[in-house]
Each structure stands twice: as C-alpha cells, then as structure tokens.
Amino acid sequence: MGTARDDESLTIGAFAARARLSAKALRLYDRLGLLTPDRVDETTGYRYYRTGQVERARLVALLRQLDMPLARVGEVVRADGPEAAGLLGAYWAEVEARVAGQRTLAAYLRARLSGRDSEVYETFAVETVDVPAQVLITETRHTLADELPAWIGASLGRLEEAARDCGGVTAAPFVAYHCEVSMESDGPAESCVPVADEAAARAWAGRHGRTWEAGVRVEPARRLAFTRITKAQVAHPQILAAFEAVEAWIAEQGLTVDGPCREVYFADWDAAGPEDPVCDVAFPVR
C-alpha cells in the first residue's frame, strides 16, 4: 500500500476528511492565521492544502478540545516543540487553578442552598479591632474580577513607592470595595496606603491624581470586624465565603456595617506560602 507524500495537494474537502475537520473549521483557522492553505486558486478561490499540514490541523483541533482560546492556540502552534509544551503547560495550570476555585465555590453554594451555610461560616474565626484615624493615599479603578489581582499588586506597589515622599507607610495597606467586583460588576475598588504626612500626601495627589486616579483622604477611627485568611483563600471566588462569614457574624452580634468592606494585606505576599496568613477580610462596624 502506498503512503501519501507530505507535498501532495488536496482540495479543502479532501483535506478536511483527512484531518477529520469540517471545511467551516478550516476556513475559520485560515481567517485567524492558525492554518493557512498552501495555495488559493486566483480564478476559482478554491483552497488547496498539503498533506503535511494534516498534523498541524489536528493539533489545532485538539487544543480547542481543551477550551483553549484561539489566540492562545495560535501561540502554541507557532512555537517550537519545547516552547509549545511550556505554553500548553502554563495554560493548563491556569485552567486547574480556575477549576480549583470553582470547586470551592460550588461546595460553598451546595452548603448554602441546602441550608448548611452556617457550617461554612464556622470555619472562619471573626474578631474586632479598633483602628485609629489614618491619612490615606489612594488609587481607584473600575475593574472586573479577572483583572483585579494584577491591579491590586500594581496599584499597591505604586502607592507604597509614593509613600516614601509622604512620611512613610504607617499601617497595613488595604483595598476597599465601594461596590461588588465580579465578572459582571466593576466596583470601583480603592487601593489605600496609610501614610504619616498629610500635607506631603496632598501635594503628591495634586501631582499624580489625574494620571493614576489617585487621591488623599483622612479616614476616621473605626472598629473593624474581620477574619484572617491564607494566601490560598484570597483567590476569587474562595474569598467570597470569608466576606459572607464576617457579614453573618456582624448580623448575629447586632452590629451595623459602617462603610465599604476591605481586604487588609499585612504580610509579604511574594514570600508567603499558600497556607500562610496574609490578609484580613474586614467590615467597618458600629
């Protein structure tokens, strides 16, 4: 039995049958630059492929079965072997992290829907702490949940750098949420760094306010109800259970929420391991 040569020319129909793909899929891959025909007849517009392109066509189809976005598929198929494997590994690590988060959320929602949400809340120890008045330099942004972690890290980094010109950082930075941040709701969120010198802070805000949506304000003394969580628990959506546990505790104690909820970051994020405490989920109360 003879074998097909890699340079054998095939019509789109014959190539689709060989690659076990539809002609519609091949036209899409062509339009996106993932798999272009070997040649296109100028008169008829017919597409012709080489037999040697079958392997790439099947690779594209297999990557799509992993729900890989087409842009990421393009990066993989255009890379060489080791680099392509690395890109695939990075994508799959993201998928597993997302699924782990969704698994935690699903378990929480099952408990909630079956009336066992109190069992989830009991895993969080809630306390109160009195915080003195603070001068804050801030950066505010409307952002969705998928962009939030990167923005928090970048904005707090900018504010901590700016704090050097404002008398230095005086307490743990935090992020306040003036409205829900999710995949549908964009906040806004406000990164806040307490500093020592109010006059210097106002001068800094005057220089950078428009560029960074930066500001300065004095927050009054507050009592916070909070629960301490680990680095692993900070990831969205796991952190939602912590917020709701604190809210449930506040209601049980007969207290009233008195301001936007917040995440207080008191540890070195980069040095912390998954099970190390790094953040307090808190609500101002009265």
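Predicted model: local features only at pLDDT ≥ 70, side-chain atom pairs only at ≥ 80, totals over all residues.
1. Ground rules. Local features need pLDDT of at least 70 and side-chain atom pairs count only at pLDDT 80 or more, while totals for chains, interfaces and linings use all residues. Residues are numbered from 1 along each chain as its sequence is written, and side-chain values use heavy atoms, with hydrogens and water left out.

2. The main core. The largest nonpolar core has 47 residues, of which Ile137, Ile152, Tyr177, Val195, Trp204 and Ile229 touch the most other members. (A nonpolar core is a set of buried Ala, Val, Leu, Ile, Met, Phe, Trp, Tyr and Cys residues joined through side-chain atoms within 4.5 Å; buried means under 20% relative accessible area, exposed over 50%, partly exposed in between, with a 1.4 Å probe and protein chains only.) Helix α10 (residues 238-252) is the top contributor to this core, with eight residues. Helices (H or I, at least four residues) and strands (E, at least two) are DSSP runs, numbered from the N terminus. Apart from this core lies another, of 25 residues, including Phe15 and Val77.

3. Tyr177 up close. Setting aside neighbours within four places in sequence, Tyr177 is in contact (heavy atoms within 4.5 Å) with Leu148, Ile152, Pro188, Ala189, Phe243, Pro260, Cys261 and Glu263.

4. Gln134. This residue is found in strand β5 (residues 134-141). Gln134 counts as buried because its relative accessibility is 11%. Beyond four places in sequence, Gln134 is in contact with Ala171, Phe174, Pro194, Arg217, Val218 and Glu219.

5. Three strands form an open, antiparallel sheet in the order β1-β3-β2. β1 (9-11) and β2 (39-40) stand at the edges with a single partner strand each, so one side of each has no neighbour in the sheet. Two strands pair if DSSP finds at least two bridges between them; β1 and β3 (residues 47-50) pair over three bridges. Ser9 has Arg50 as its bridge partner in β3.

6. Ser22. Look for Ser22 in the loop between α1 (12-19) and α2 (23-31). Ser22 is partly exposed, with a relative accessible area of 39%. Thr104 is 82 residues away from Ser22 along the chain, and their C-alpha atoms are separated by 38 Å.
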